[in-house]
Amino acid sequence: MFKKSTLGIVLATALSGFAASHAWAQSTVNFWYHFDNPESIKLMDELVASFEGKNPGIKVKAENIPWNNYYDKLFTSIVGGKAPDVAMVKLAQQPQLIEMDALEPIDKRVASWPGKDDLGDNLLNINKGPDGKQYYLPLQYVVVYLYYRADLFANAGLQPPATCEDFLDAAKKLTLPASANNGVELFGFGMRGGKGGYDNWGPFVLSQSELTPGGMTTPKAIAANNWYVDLFRKEKVAPPSAPNDGFNEIISTFKSGRTAMIFHHIGSSKTMVAALGDKVSAVPAPSCNGGRWTSFGDESTALFKASKNKDAAWKWMSFLSEGENNVKFNKATGQMTVTRSGSEKAAFEPRFVKATVDSLPFAKTLPAVPQTADFVNTVWPVNMQRALTGEITPEQMMTTIEKHYTTK
């Protein structure tokens, strides 16, 4: 009787162990991402193979979703109860995903994750939800910094600007008529007055104001916007085309030697170096009256609450944010690794990596509220252009922005 019972227990234990092992072996993590070229997809396939080799009980089904309908498909999948286990996500979508109750908080997982201490300064804090919980694990990022023509600065005996005052001084000295610059008219600053230019304006204005009730119409905030508009209207250190200039225009004039300073991020550095070599360099955005602000661009991974394989999904998403894995991932995306250990191995010139890393501690995002989309796409560019052309005053521009953010 004893032997029979013992045998039964042994068999039951063995079978249960086999069942558990078999169940784990069948774990599949559905992962959605968006890459736009075959070489990048190949790198993702290599990362999946590396992960599966180290975690034989987990399979990753990585699905590349076209960017144009990425979020439409993601939101539809959530509503239909067919969300992936893990997906690449941006901060701009976090409020809606939280409102849909789609995200699994990962605070406890992050706290016990060995890779946490290797993340760059401020990344976890920037990615926190409005309720203070951690829903996103940083995957890649960029911050806007100041590109400057090192050759032009050297010729003028100037140092790259550290403050607003330095910036204005350099912009004035580097604004030259064609007769004084080998037949090419030069402007100190390639101002982006068109769509997307809010993150060029932010270092000078949002460093001294806030997109909160009352924050845009303080005397300090209005003075900051007056100062910025005057770069074009009074000081004339930006090209006449500035009110309508977008990304392509400011990049083109900078590369051709018609402007000496512009704002953008590390994603432009390779084409800059290809065109200019050592004639281009970068530093963080200047401080203004003691305040500092620069725009943070992001991509993270999120774990979805409906996932049936949360432990396996967490292994995969944390794998992507660790050391060499994250460096390899960002070779595919052309953005910056989120790890300290990987920053020296990033596929960029060291001076641009340094400008990025040095900017991260004061990088910020726009408010995660519904009004922000219209602010970026319509309110800011329309009113910036009107202020630059004199149709409205800089103060009226700030009042309009204030009303936009306080109207629900």
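Which residues line the second largest pocket?

A: In this predicted model, the second largest pocket is lined by Ile126, Leu206, Ser209, Glu210, Leu211, Thr212, Trp293, Lys364, Thr365, Leu366, Pro367 and Ala368. Its volume is about 330 Å³, and by class the lining has seven nonpolar, three polar and two charged residues.

Lys90 counts as partly exposed because its relative accessibility is 24%, while Glu299, with a relative accessible area of 2%, is buried. Another salt bridge is formed by Arg340 and Asp121, whose closest N and O atoms are 2.5 Å apart, and this pair also links distant parts of the chain, with Arg340 in the loop between α14 and α15 and Asp121 in the loop between α5 and α6. Arg340 is partly exposed at 42% relative accessibility, and Asp121 is likewise partly exposed, with a relative accessible area of 43%.

As for helix α14 itself, which spans residues 323–333, its buried residues are Asn325, Asn326, Val327, Phe329, Asn330 and Ala332, and they pack against α2, β3, β4 and α13. Just after α14, Gly334 takes a positive phi of about 75 degrees.

Definitions and conventions:
Residues are numbered from 1 along each chain as its sequence is written. This is a predicted model: local features need pLDDT of at least 70, side-chain atom pairs count only at pLDDT 80 or more; totals for chains, interfaces and linings use all residues. Side-chain values use heavy atoms; hydrogens and water are left out. On a 1 Å grid over the protein atoms alone, a cavity is a set of points where a 1.4 Å probe fits but cannot get out, and a pocket is an open set with protein on both sides within 12 Å along at least five of seven lines; lining residues have an atom within 4 Å of a point. Grid points are joined across faces, edges and corners, and a volume is the space filled by probe spheres set on the points. Ala, Val, Leu, Ile, Met, Phe, Trp, Tyr, Cys and Pro count as nonpolar, Asp, Glu, Lys and Arg as charged, and the others, Gly among them, as polar. Buried means under 20% relative accessible area, exposed over 50%, partly exposed in between (1.4 Å probe, protein chains only). Helices (H or I, at least four residues) and strands (E, at least two) are DSSP runs, numbered from the N terminus. Contact means heavy atoms within 4.5 Å. A salt bridge is a side-chain nitrogen of Lys or Arg within 4 Å of a carboxyl oxygen of Asp or Glu.
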